[in-house]
Amino acid sequence: MTNDKVGALAEQIENSVNELAAETDAVRKSEVFRRWLDAMAQFSTYSFGNQMAISVQCPTASKVAGFQTWKRLGRHVKKGAKGIAILAPCLYSKKVEPENADSPTVKRLSGFKIAFVFDIAMTDGDALPTLNENSAGAGGEELLPRLEAAVQKLNVVLDYEEIRESGVEGYSTGGRIVIRQGLSVLAKCGVVIHEAAHEILHQHDNRAEANKKTKSQRELEAEATAYVVMRHFGIEHAASNYLATYNVDGEQLRNSLETISGAAKRLIAAIEGVNAEPDDSLGAVP
Ligand SMILES: [Zn+2]
């Protein structure tokens, strides 16, 4: 690449990151996002045992909550719906010793009882607030095969598989990335770049350093890379909602420019076939 081209690419990446920072801040301030956060806060996270109990009794379950929670969200459990049994902790309040009126109360566990929860499919009513997903829209037919080749050039195996866990579109394991099978071509492009960015930035030689970062910082770096690379190839990628759900703000994005830019340049070069020598490999992959 000539110096002019290198400079133009650096400028383009910086502009993209600045735009993404502004978009992400706008999402965080929006009413839709606030309503979405409120709704999501109603869903508890379940223990591993309860997650198993839910998936055995209702393998198609996607969003699960108790009767009253669904009511708060403007939905009701359909007549005749059979609840999913889980174990709920029984807590009782106890004053901290020595007991007097001012001593704080603590929750003590006295055992478990069976409680029933319901999947969203067993309910009717208001639609839950949603954020735009990347999966919407068409495009990427030309980019995807080039991306697949680029990932291979980085010595990373790419597999399309059914992923059971809802909300997970892909993951990176260090040498292998797995992408959800049923996604649109456009969504696949975004997820492949996101997971490839995890491979470049957070696996192999960078793993120890990456483990010191927060999950939200790692997601910021991967998703912003996807945004920048997609843009480079003329495709809009809705990353701001995803980033907002990880509590990322514009300033953090601008502060991460160097990291995002490093991964984006590497992927763009691999996709465009520049420096397509074997030393592009991410290292010790058998
Ligand atoms: Zn990720």
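Two strands pair if DSSP finds at least two bridges between them. Helices (H or I, at least four residues) and strands (E, at least two) are DSSP runs, numbered from the N terminus. The views below come from a predicted model, in which local features need pLDDT of at least 70 and side-chain atom pairs count only at pLDDT 80 or more, while totals for chains, interfaces and linings use all residues. Residue numbers start from 1 along each chain as its sequence is written.

**View A. The open sheet with strand order 6-8-7.**
Let's start with strand 6 and strand 8 (residues 176-180), a parallel pair joined over 5 bridges. Here Asp 159 sits opposite Val 178 of strand 8. Strand 7 and strand 8 are instead antiparallel, with 3 bridges, and Gly 170 stands opposite Ile 179 in strand 8. The hairpin of strand 7 and strand 8 has 3 residues between the strands, and Gly 174 takes a positive phi near 85° there. Strand 6 (157-161) and strand 7 (170-172) are the edge strands, each pairing on one side only.

**View B. The open sheet with strand order 1-4-3.**
This sheet of 3 strands has antiparallel pairing. Strand 1 (64-66) and strand 3 (84-95) stand at its edges with a single partner strand each, so one side of each has no neighbour in the sheet. On average, neighbouring strands here are turned by 40° against each other, direction ignored. Strand 1 runs antiparallel to strand 4 (residues 105-119), and 3 bridges join them. Look for Ala 65, whose bridge partner in strand 4 is Phe 118. Helix 3 (residues 48-57) packs on the sheet and touches strand 1 and strand 3 (two residues are in contact if their C-beta atoms, placed from the backbone, lie within 7 Å). The direction of helix 3 makes about 150° with that of strand 3.

**View C. Helix 1 against helix 8.**
Helix 1 (residues 3-29) and helix 8 (residues 215-232) pack at an angle of about 125°, with their axes 10 Å apart. The two are therefore oblique to each other (angles under 35 degrees count as roughly parallel, over 145 as roughly antiparallel, 65 to 115 as roughly perpendicular and the rest as oblique). From helix 1, the contact uses Gln 12, Ile 13, Ser 16, Val 17 and Leu 20, and from helix 8 it uses Ala 224, Tyr 227, Val 228, Arg 231 and His 232. By class, this contact of helix 1 with helix 8 has 6 nonpolar, 3 polar and 1 charged residues (Ala, Val, Leu, Ile, Met, Phe, Trp, Tyr, Cys and Pro count as nonpolar, Asp, Glu, Lys and Arg as charged, and the others, Gly among them, as polar).

**View D. Helix 6 against helix 11.**
The axes of helix 6 (residues 185-202) and helix 11 (residues 257-272) come within 10 Å and cross at roughly 110°. Helix 6 and helix 11 are therefore roughly perpendicular to each other. Helix 6 brings Ile 193, Ala 196, Ala 197, Ile 200 and Leu 201 to the contact, and helix 11 brings Thr 259, Ala 263, Arg 266 and Leu 267. The residues of this contact of helix 6 with helix 11 divide into 7 nonpolar, 1 polar and 1 charged.

Technical notes:
Axes fitted to C-alpha atoms, helices over the stretch in contact; angles between N-to-C directions.
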